Amino acid sequence: MNHTLTASRRHSAEAILARASKRPSAVTSQVAERLAFLGAFLRKPQVVGAITPSSRALALAMVEGMELKRAKLVIELGPGTGAFTKVILERLGRQTEFVALELDKVSAKRLRQQFPGVAFHHDSAENLHHYVARSRSKRADIVISGLPWTILPRPVHDRIFREIIDSLAPDGCFATFAYLHGCCLPSAGRFRNLLKEHFQQVERSRVVWRNIPPAFVYRCSRPIPNKPLAG
Ligand SMILES: C[S@@+](CC[C@H](N)C(=O)[O-])C[C@H]1O[C@@H](n2cnc3c(N)ncnc32)[C@H](O)[C@@H]1O
């Protein structure tokens, strides 16, 4: 058997090897991200609320129609392992300030290593107003939430919702996602009603089937301030 490769065959074998040698790093980082996410879930299932990070398809649906380039202040709540963060950072304008609040200390530290120079704070979204008050613009143009709304304790849920409404600029936008399988739960119904009562415009995206589990996005704009939260 002749084991000698012709030049063109050697060339294509090298190309395949080069592609193969790149593949493990992409796969390795994806596996590392999933393991980190699973680790966060095992540490605090009642805070993380999912066993796998959101897909890029859901991240793209989250930022669809958002004027990230023109925004002065963009906030991310509950970035986890950074599934939405990557897509947000790719689209920010040069002057846009970006702040993210993550309750899980290990995840916040990992995010700081993964995205050096980006303002990830290990803090609850309940303290959003501190960060908005410290920002240059004092109002958030866009808030993007990865929070697990349906499992948050009611007082925490309501405090965060209030913080979002009070932090947004009058023409500000808010995006959050919900899992399709949870949309019949009473807590999901109450959340939907809260959105409709506290924003002048609420849109629901198509279902993102490529996410595990399938999910959709609520895009809300023009918050209605000073309205008490319904019981
Ligand atoms: C369902 S995971 C979503 C993570 C990521 N956005 C994604 O979609 O892959 C929810 C994230 O919200 C964080 N979280 C939960 N409660 C929070 C709070 N009060 N303040 C800030 N982050 C919180 C959790 O630690 C977790 O990282």
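**Group meeting: a predicted chain with a ligand**

Five bridges connect strand S6, residues 199–204, with strand S7, and the two run antiparallel. Strands here are DSSP runs of E with at least two residues, helices are runs of H or I with at least four residues, and both are numbered from the N terminus. Two strands count as paired if DSSP finds at least two bridges between them.

Before I go on, two notes. Residues are numbered from 1 along each chain as its sequence is written. This is a predicted model, in which local features need pLDDT of at least 70 and side-chain atom pairs count only at pLDDT 80 or more, while totals for chains, interfaces and linings use all residues.

Now back to S7. Strand S5, residues 168–179, pairs with S7, residues 215–223, in the antiparallel sense over seven bridges. Which residue of S7 is the bridge partner of Cys173? It is Ser221. Gln201 also stands opposite Ser221.

Cys220 counts as buried because it has 24 C-beta neighbours inside 10 Å. The cut-offs are these: a residue is buried if 20 or more other C-beta atoms lie within 10 Å of its own, exposed if 12 or fewer, and partly exposed in between, with C-beta atoms placed from the backbone. Leaving out neighbours within four places in sequence, Cys220 is in contact with Cys173, Phe174, Leu195, Phe199, Gln201 and Val202. Contact means that the C-beta atoms of two residues, placed from the backbone, lie within 7 Å. Cys220 and Ala175 are 45 residues apart in sequence, yet 6.2 Å apart in space, C-alpha to C-alpha.

Ala175 itself touches Met62, Met66, Ile144, Ser145, Val217, Tyr218 and Arg219, not counting residues up to four places away in sequence. It also belongs to the largest nonpolar core, which has 47 residues. Such a core is a set of buried Ala, Val, Leu, Ile, Met, Phe, Trp, Tyr and Cys residues joined through C-beta atoms within 7 Å. The members that touch the most others are Met62, Val74, Ile142, Val143, Ile164, Phe174 and Ala175.

Stepping back to the chain: it has eight helices and seven strands. Of its 231 residues, 34% are buried. Among contacts with a separation of 6 or more, 69% are between residues 24 or more positions apart.

Next, helix H4. Which of its residues are buried? They are Ala83, Phe84, Thr85 and Ile88. The elements that cover them include helix H3 (56–63), strand S1 (73–77), S2, helix H5 (105–114) and strand S4 (140–145).

H4 also takes us to the ligand. There are 25 residues around the ligand, and the closest are Pro53, Ser54, Gly78, Gly80 and Gly146. A residue is in this shell if its C-beta atom, placed from the backbone, lies within 6 Å of the molecule. Helix H2 (45–48), helix H4 (83–91) and strand S2 (97–102) are the elements that give two or more residues to the shell. By type, the shell has 15 nonpolar residues, seven polar and three charged. In that count Ala, Val, Leu, Ile, Met, Phe, Trp, Tyr, Cys and Pro are nonpolar, Asp, Glu, Lys and Arg are charged, and the others, Gly among them, are polar.

Now some backbone details. Most residues other than glycine have a negative phi, and most peptide bonds are trans. Ile212 and Pro213 are joined by a cis peptide bond, with omega about -10°. Pro213 is found in the loop between S6 and S7. Arg222, in strand S7, has a positive phi near 55°. Arg222 is partly exposed, with 16 other C-beta atoms within 10 Å. Lys138, in the loop between helix H6 (128–134) and S4, has a positive phi of about 65°. Is Lys138 buried or exposed? It is exposed, because it has 12 other C-beta atoms within 10 Å.

Last, confidence. pLDDT is the predictor's confidence in each residue, from 0 to 100. The chain has a mean pLDDT of 89, and 89% of its residues reach 70 or more. Over residues 1–11, pLDDT stays under 50, and the model has two contacts beyond four places in sequence for them. Where pLDDT is low, the predicted coordinates should not be read in detail.
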